[in-house]
Structure formats: C-alpha cells, structure tokens
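Here is a short walk through one structure, written for a reader who likes to keep the viewer open alongside the text. Have a look at the sequence and the fold first, and then read on.

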Amino acid sequence: PPPEAPRPTFAPPGPFLFSIGIVGPKKNFHVLVPFLRALGPGRSLVIAGDASTPYAEQIRRLAREEGVADRVVLPGSVDDAQRYWLYANCEALVFPSLTEGFGLPVIEAMSVGKPVFASTRTSLPEAGGSEAYYWPDFEPRAMREVFERGMAEVRADPGKAERLRRWADRFTWERC
C-alpha cells in the first residue's frame with residue numbers, strides 16, 4: 001500500500017460509501033442515489049472518476065431530487081494517494097456496474113479489507129467470489145436489505161477483513 005495519505009479536502013465527514021470509475025451510464029452509479037436515500041441519514045457517498053460527463057450531471061440532479069445532494073460527492077478524478085485513502089477509509093465499496101472487463105475496484109477494496117457490494121452482472125462475481133455481496137436488482141429497498149445483511153455479517157465476523165485481503169491476494173499481475 002502507498003504511504004498514508006492526508007484526508008482529501010472533498011472527503012465527507014462521517015461514514016461514507018465509495019465507488020469509482022468514469023462516471024458514465026455503464027457504471028450504473030445513478031442507482032446508488034435512491035439506495036443512499038433508502039439507507040437513511042448518517043452516511044455519504046463518494047463516486048470518484050471523471051465527472052465532466054452528462055451522466056454525472058444526471059446523478060447530481062437525481063441527488064437533488066432525492067434530497068441527498070449534501071451527501072453525494074463527485075470529486076472527479078483522484079490521484080493514487082486519494083484513491084488509496086478512499087478505499088482505506090470507506091465503510092464499503094458499492095459497485096453496481098453493468099459492464100466491466102474485470103472489476104479491479106472490487107479487488108482494490110478487498111485488498112484493504114473492505115466489504116464489497118456489487119452487481120451480479122458481467123465479471124464482478126468472478127472478481128468478488130463468495131466474499132462479496134451482490135445486488136440481483138437495483139430496487140432501493142432490495143439494495144438496502146442486501147447491504148444491511150452484509151454489513152451485519154461483516155461486523156459479526158472478526159476474520160472477514162483478513163479473508164477479503166487473502167481473496168484479493170489471489171489476483172496478481174503475474175497470474176494474469
């Protein structure tokens with residue numbers, strides 16, 4: 001891991017969920033906004049990646065409509081130190097992508113022991129295996145149920161973070 005980076009100025013106070021990628025429709029990030037609202041107050045959402053897209057504006061508009069604009073942060077692209085800080089300090093990675101070549105964010109989050117909640121689509125179940133949690137659909141209450149059940153398991157299992165790190169260690173550039 002890189003050396004400890006300072007807290008990014010855009011980081012929200014309190015617990016936050018994290019996602020990353022070019023902010024485009026195939027990433028399906030917009031489903032995270034009503035999901036955040038369904039979770040209730042107390043946590044924020046950070047979506048890092050190029051946010052100069054029309055889709056990013058759609059997410060900002062949806063956040064205003066859902067009443068969570070003050071809890072949705074789209075900082076744009078982040079450098080390696082900021083990215084590492086976000087992974088290391090988030091509550092969980094939330095990754096509802098519909099199209100992935102592999103799903104590297106899943107492995108990056110697991111490498112620092114963070115739980116992953118992802119789409120069942122494309123290669124994400126291969127990347128996350130049995131250690132990740134999956135959303136079979138994107139209805140906000142169903143997403144919340146999967147998340148709450150998964151986070152309860154994580155809190156009750158002192159070995160979970162280490163198993164996540166071991167799972168991530170299976171994926172190396174040498175093995176690719």
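## Sheet, helices and a few single residues

A48 lies opposite G76 of strand β3. That pair belongs to a predicted model, and every value below was computed from it. Strand β2, residues 44–48, is joined to β3 by three bridges, and the two run parallel.

How many strands form the sheet, and in what order? Six strands make up an open sheet with parallel pairing, in the order β3-β2-β1-β4-β5-β6. At its edges stand β3 (72–76) and β6 (133–135); each has a single partner strand, so one side of each has no neighbour in the sheet. From one strand to the next, the twist averages 25 degrees. Helix α3, spanning residues 80–89, packs on this sheet and touches β1 (16–20), β2 and β4 (92–95). The direction of α3 makes about 135 degrees with that of β1.

P15 is found in the segment before β1. With a relative accessible area of 43%, P15 is partly exposed. Leaving aside neighbours within four places in sequence, P15 is in contact with G42, R43, S44 and E91. Its C-alpha is 20 Å from that of L164, a residue 149 places away in sequence.

### Helix α1 and its two partners

Now to the helices. Is α1 largely enclosed or largely open? Six of the eight residues of α1 are buried, so the helix is largely enclosed by the rest of the structure. The buried residues in α1 are L32, V33, P34, F35, L36 and L39. After α1 comes G40, with a positive phi near 90 degrees.

Two packed helices are described by the angle between their axes and the distance between the axes. With that in mind, take the pair α1 (residues 32–39) and α2 (residues 54–66): their axes come within 9 Å and cross at roughly 25 degrees. An angle under 35 degrees counts as roughly parallel, and α1 and α2 are therefore roughly parallel to each other. Their crossing is right-handed. On the α1 side, V33, P34 and R37 take part, and they meet I59, L62, A63 and E66 in α2. Sorted by class, this contact of α1 with α2 has five nonpolar, no polar and two charged residues.

The other partner is helix α6, residues 140–156. Here α1 and α6 pack at an angle of about 65 degrees, and their axes are 8 Å apart. α1 passes α6 in a right-handed crossing. The residues that make the contact are L32, P34, F35, A38 and L39 from α1, together with P140, M143, R144, F147 and E148 from α6. By class, the contact of α1 with α6 has eight nonpolar, no polar and two charged residues.

Although N28 is not a glycine, its phi is positive, about 65 degrees. At 4% relative accessibility, N28 counts as buried.

T122 also has a positive phi, near 50 degrees, and is a residue other than glycine. T122 is found in the loop between β5 (116–119) and α5 (124–128). At 42% relative accessibility, T122 counts as partly exposed.

### Towards the end of α7

F171 is found in the segment after α7 (160–169). At 29% relative accessibility, F171 counts as partly exposed. Not counting residues up to four places away in sequence, F171 touches F102, I107, E126 and A127.

| Residue | Relative accessibility | Class |
|---|---|---|
| P15 | P15: 43% | P15: partly exposed |
| N28 | N28: 4% | N28: buried |
| T122 | T122: 42% | T122: partly exposed |
| F171 | F171: 29% | F171: partly exposed |

Terms used
Residues are numbered from 1 along each chain as its sequence is written. This is a predicted model: local features need pLDDT of at least 70, side-chain atom pairs count only at pLDDT 80 or more; totals for chains, interfaces and linings use all residues. Side-chain values use heavy atoms; hydrogens and water are left out. Axes are lines fitted to C-alpha atoms, for helices over the stretch in contact, and angles run from 0 to 180 degrees between N-to-C directions. Helices (H or I, at least four residues) and strands (E, at least two) are DSSP runs, numbered from the N terminus. Angles under 35 degrees count as roughly parallel, over 145 as roughly antiparallel, 65 to 115 as roughly perpendicular and the rest as oblique. A crossing is left-handed if the near helix is turned anticlockwise from the far one by less than a right angle, and right-handed if clockwise. Contact means heavy atoms within 4.5 Å. Ala, Val, Leu, Ile, Met, Phe, Trp, Tyr, Cys and Pro count as nonpolar, Asp, Glu, Lys and Arg as charged, and the others, Gly among them, as polar. Two strands pair if DSSP finds at least two bridges between them. Buried means under 20% relative accessible area, exposed over 50%, partly exposed in between (1.4 Å probe, protein chains only).
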